[in-house]
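Subject: Structure for you to look at

Hello,

Here is the structure we spoke about, with its sequence. Please open it first, then read the notes below it.

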Amino acid sequence: MPTKLLLALSMLLLAACSGGKKFSVKIDSESLGTQKLTVVYTQPDGHRVLIEPTAVNGEVQFSGSATEPSTVEVFTSSGAKLVSFKALNGEKISITFSPDGPIISGVGTTLTDTLTADPDTAKFIAPAIIVGRDTSECWDAKGIWVFTSSANERTKAVMDTIRAHKKQVRDVFISSAMDTWREATRYDSATWKQGILPEGPVAIPQLSATPMLLEVDSAGQIIRRQAL
């Protein structure tokens, strides 16, 4: 038998023995921006699988192997859980996000009705904001939060957005340098809440890029997420 034919048959046998099919996942979320994600799931034999795909411009795709239904957990670069769901070989899973949370669908899957999203994905917990050199405050979560991290991001359009919501806006500058914040805001003539957040995305898991606006309701749920 020709060598090439033997090689082709060997590859087919190897694919058959290894189960062949995989599950694939596509996540589309504008708020993800560009960052490395961590995906974890457990195979039937107890082996823990870790994947680290990179989201680019809010989109990421990855695949895995699960011969039995497995729970897949996806975490952001800051360690916050983005979403969790069930997956099985042959599944083509698509995940998008709305103001109410993840929307998960599967193509040609028997697990569509059992897929679940993390209910706390959109929960916002107000961090402690430094409003002076020696003073920090926790503001009420409800309202409009605008996050910037450089003077260049504080464009006329961004400042117009802040001023339009000045009665309820929380204007938060992300930096560990107090002087940088002071310089970036010195000409604002602010009549609204302003503060600096040294921890950045670690304190705001939903924050993947700046400038960004988050609108939070009285229950602490994010009802609007907008890149500025």
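Which strands are among what covers the buried residues of H3? The cover includes strand S11 (128-130), strand S14 (169-174) and strand S15 (193-197).

Some ground rules first. This is a predicted model, in which local features need pLDDT of at least 70 and side-chain atom pairs count only at pLDDT 80 or more, while totals for chains, interfaces and linings use all residues. Residues are numbered from 1 along each chain as its sequence is written, and side-chain values use heavy atoms, with hydrogens and water left out. Helices (H or I, at least four residues) and strands (E, at least two) are DSSP runs, numbered from the N terminus.

Helix H3

Helix H3 covers residues 178-185, and its buried residues are Met178, Trp181, Ala184 and Thr185. They fall within an arc of 130° seen down the axis of H3, so they line one face of the helix. The arc is that of the directions from the helix axis to the C-beta atoms. Buried means under 20% relative accessible area, exposed means over 50%, and partly exposed is in between (1.4 Å probe, protein chains only). An α-helix has 3.6 residues a turn, so residues three or four places apart point the same way.

Salt bridges

The structure holds four salt bridges (a side-chain nitrogen of Lys or Arg within 4 Å of a carboxyl oxygen of Asp or Glu). One of them joins the side chains of arginine 154 and aspartate 171, at 2.8 Å from N to O. This pair links distant parts of the chain, 17 residues apart: arginine 154 is in the loop between S13 and helix H2 (156-164), and aspartate 171 is in strand S14. Arginine 154 counts as buried, at 9% relative accessibility, and aspartate 171 is buried at 1% relative accessible area.

Arginine 154 also meets the side chain of aspartate 188 in a salt bridge (2.8 Å, N to O). Aspartate 188 lies in the loop between H3 and S15 and arginine 154 in the loop between S13 and H2, so this pair ties together parts that are 34 residues apart in sequence. Aspartate 188 is buried too, as is arginine 154.

Another salt bridge is between aspartate 160 and lysine 156, whose closest N and O atoms are 2.9 Å apart. Both residues lie in helix H2, four residues apart, about one turn of the helix. Is lysine 156 buried or exposed? Lysine 156 is exposed, with a relative accessible area of 64%, and aspartate 160 is partly exposed at 37%.

Aromatic pairs

A search of the whole structure finds four aromatic pairs. Rings of Phe, Tyr and Trp (its six-membered ring) pair if their centres lie within 6.5 Å; planes under 30 degrees apart count as stacked, over 60 as edge-to-face and the rest as tilted. Phenylalanine 23 and tyrosine 41 form an edge-to-face pair, with 5.4 Å centre to centre and 75° between the planes. Phenylalanine 23 lies in strand S1 (residues 23-28) and tyrosine 41 in strand S3 (residues 38-42), so the pair ties together parts that are 18 residues apart in sequence. Both phenylalanine 23 and tyrosine 41 are buried.

Phenylalanine 124 and tryptophan 145 form a tilted pair, 5.0 Å centre to centre with 55° between the planes. Phenylalanine 124 is buried, with a relative accessible area of 3%, and tryptophan 145 is buried at 0%. Phe124, Trp139, Trp145 and Phe147 form one aromatic cluster.

Strands and cores

S3 and strand S7 (residues 70-75) pair in the antiparallel sense over four bridges (two strands pair if DSSP finds at least two bridges between them). Valine 39 has valine 74 in S7 as its bridge partner. Six bridges join S7 to strand S8 (residues 81-87), and these two run antiparallel.

The largest nonpolar core has 22 residues, of which Ile27, Phe62, Val74 and Phe85 touch the most other members. S8 gives the most to this core, with four residues. A nonpolar core is a set of buried Ala, Val, Leu, Ile, Met, Phe, Trp, Tyr and Cys residues joined through side-chain atoms within 4.5 Å.

Regards

Definitions and conventions:
Contact = heavy atoms within 4.5 Å.
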